[in-house]
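Here is a short tour of one protein chain. Keep the sequence and the 3D view open as you read.

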Amino acid sequence: MDGYLLLHGTIVTVDGQRRIIGDGALAISGTRIVDIGSSDRLVARHPGKRVLDCRGKMIIPGLIDAHGHAGHSLIRSVAADTNALWMHIVTPMYYHYVTRDYWYADGLVSGLERLCAGVTTSASIITSMPRSDDPAFAINHARAYSELGLREIICVGPAGLPWPQSVTRWESGKPERHAVSFEEMIEGAESVIETLNGTSEGRIKVFLTPFTIVPSVEPSNASTPDWAVKLTENDRMQARRIRETARKWGVRIHSDAFAGQIRMAWQDKENALLGSDVHLQHCWGISHEEIDILAETGTHVTHAPPGRSTPIMEMMARGVPVAITSDGAAPSRHFDMFQIARSAQSTQHILHNHDRYILPPGKIFEMITIDAAKAIGMDDEIGSLEIGKKADIVVIDMRKPHLTPNWMPVHRLVHQVLGSDVDTVFVNGKILMEDGIVLTADMHEALAFGEAEAKALMERAGLQAHMHEPGWGQLQRTFTEPVAPPFPPQV
């Protein structure tokens, strides 16, 4: 039997003509889509394929999450009530209490959540502030995604200032403190690139990811013009070394950016982490000048709602390409890109513009498919259903109360469909989930492993006694009172 033939579904192609094909069919051979059109025409042309009857179902491109965080799935809800202090709480956990097994477990749990919600490609930064001192972390995370059959972009690079950074490793079963220099972080990232990039039939890629594009200013919020003034030697050194390393290995660059950083980065035009090979997350509070710089350089932007100070409409009006992302699953997020896209639309409609015609459903759906594919430089392979593209395909069961009547398919996708409505998933022409059942992993075994590793993390951090406290108040006191950036807890 040569491939698959999906028949009698409603196909939302997101192709150049934005075709929607009622009673549509799609043929898969090997890793690619080889035919698409009406069911009556394709059924005669592809007699040897396994037929999947998609009556009452919708066929769409696999969803793309162009910015998330590895590690988040197993710390969900930790510090959820202390948003302003969240990074101060979780950074020490990631830098001092995780093990190599933790990253494989998180890869299984996060990968399964994404797979079940129709997310076939995702970008995963190793921790919230990147950690690349131990390549095994990234390698183990990618191993889980590879086994599940998904596409994953592993994002590794140097942590933020100060350098060196203090980390703890647990290979011996006991905590061992290390000081890791900037160059050692670059070497670790290069090891990950050399080991992983292009593996698993090309499904695993590696991007080079410094914490932010300008490390000397506030790393998680906008900086005012009187603070974000002039690049430091560390800023220039990081940009130069990231550019050199990216050129050496032929990889793309991904990072965070906030107001002030884009204007500062552009002071070093030769090495600025801006351009068509870069996508930047957040861009909160950026100025009109910075929007112009993004447009001039062709830099891609990715946005996670609510992001209330991100000027989405102003950027798009200037031709800056923007995609929607999850920003990871912690402290209180998820990987259901349908709900995330819906939230992004509502934020723009209600909080910013009071105009329900802004970001219509079709554009919102593009921002988690073809626009996201452009952000990661893969729009020639994924992001739409077209002949010759990779067969990354999601089938949605529309035979649900909240999806009845089954009409106006793009509106239904953006307004009502949930990740839990995903029925069948293909990646690279391989069927990973069918009729709601994951075929590439034992779901219960993987989740039990993730549960055990999450509890082990809490035990290493000395927090097991507080795991059931409603507000995690003790967790806040444990981490935030005695520490200040770079937040090294006592081990």
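Where is the place of Ile 340? Ile 340 sits in helix H10. Keep in mind that this is a predicted model.

Is Ile 340 buried or exposed? Its relative accessible area is 6%, so Ile 340 is buried. Setting aside neighbours within four places in sequence, Ile 340 is in contact with Pro 305, Ile 324, Thr 325, Ser 326, His 334 and Phe 335. Val 414 is 74 residues away from Ile 340 along the chain, yet their C-alpha atoms are separated by 9.6 Å.

## A second residue in helix H10

Helix H10 covers residues 337-353, and Gln 345 is found there. Gln 345 has a relative accessible area of 3%, so this residue is buried. What does Gln 345 touch, not counting residues up to four places away in sequence? The list is Leu 359, Pro 360, Pro 361, Ile 364, Val 414 and His 415.

## The whole chain

Now step back. The chain has 15 helices and 19 strands. Along the principal axes, the C-alpha atoms fill a box of roughly 70 × 50 × 45 Å.

Of the 491 residues in the chain, 60% are buried. Contacts also reach along the sequence. Take those between residues at least 6 apart: 72% of them join residues at least 24 apart.

## Nonpolar cores

In soluble globular proteins, nonpolar side chains tend to be buried together. The largest nonpolar core here has 120 residues. Which of them touch the most other members? They are Ile 60, Ile 75, Ile 262, Leu 274, Leu 294 and Phe 365. Helix H3 (residues 100-116) gives this core its largest share, 8 residues. Another core lies apart from it, with 17 residues, including Leu 26, Ile 33, Ile 59 and Ala 391.

Leu 274 is then in contact with Ile 213, Arg 243, Ile 262, Ala 265, Trp 266, Leu 280, Ile 293, Leu 294, Thr 297 and Thr 299.

## Aromatic rings

A pair of aromatic rings is described by the distance of the centres and the angle of the planes. How many aromatic pairs does a search of the whole structure find? The search finds 7. Ring pairs join Tyr 94, Tyr 102, Trp 103 and Phe 137 into a cluster.

The charged end of Arg 131 is over the ring of Tyr 95, 5.6 Å from its centre. The charged end of Arg 460 is over the ring of Trp 170, 5.8 Å from its centre.

How many disulfides does the structure hold? The count is 0. For Cys 116, the nearest cysteine sulfur belongs to Cys 54 and is 18 Å away. Cys 116 has 24% relative accessibility, so it counts as partly exposed.

Cys 283 counts as buried because its relative accessibility is 0%.

## Backbone details in the loops

The bond from Leu 161 to Pro 162 is cis, with omega near 5°. Pro 162 is in the loop between strand S8 (151-156) and strand S9 (165-169). A cis bond also joins Pro 305 and Pro 306, with omega about 5°. Pro 306 lies in the loop between strand S14 (300-303) and helix H9 (312-317).

Next, check phi. Ala 79 is not a glycine, but its phi is positive, near 65°. Ala 79 belongs to the loop between strand S6 (63-70) and helix H2 (86-96). With 5% relative accessibility, Ala 79 counts as buried. Ser 200 has a positive phi as well, about 55°. Ser 200 lies in the loop between H5 and S11, and at 22% relative accessibility it counts as partly exposed.

## One more loop residue: Glu 201

Glu 201 lies in the loop between helix H5 (182-196) and strand S11 (204-208). Is Glu 201 buried or exposed? Its relative accessible area is 63%, so Glu 201 is exposed. Glu 201 and Arg 151 are 50 residues apart in sequence, and 9.7 Å apart in space, C-alpha to C-alpha.

Notes: Residues numbered from 1 in each chain as written. Predicted model: local features only at pLDDT ≥ 70, side-chain atom pairs only at ≥ 80, totals over all residues. Heavy atoms only, no water. Phe/Tyr/Trp six-rings, centres within 6.5 Å; stacked < 30°, edge-to-face > 60°. Lys NZ or Arg CZ within 6 Å of the ring centre and 35° of its normal. Core = buried A, V, L, I, M, F, W, Y, C linked by side-chain atoms within 4.5 Å. Buried < 20%, exposed > 50% of the residue type's maximum accessible area, 1.4 Å probe, protein only. Helix = DSSP H or I, 4+ residues; strand = E, 2+ residues; numbered from the N terminus. Contact = heavy atoms within 4.5 Å. Disulfide = S-S within 2.5 Å.
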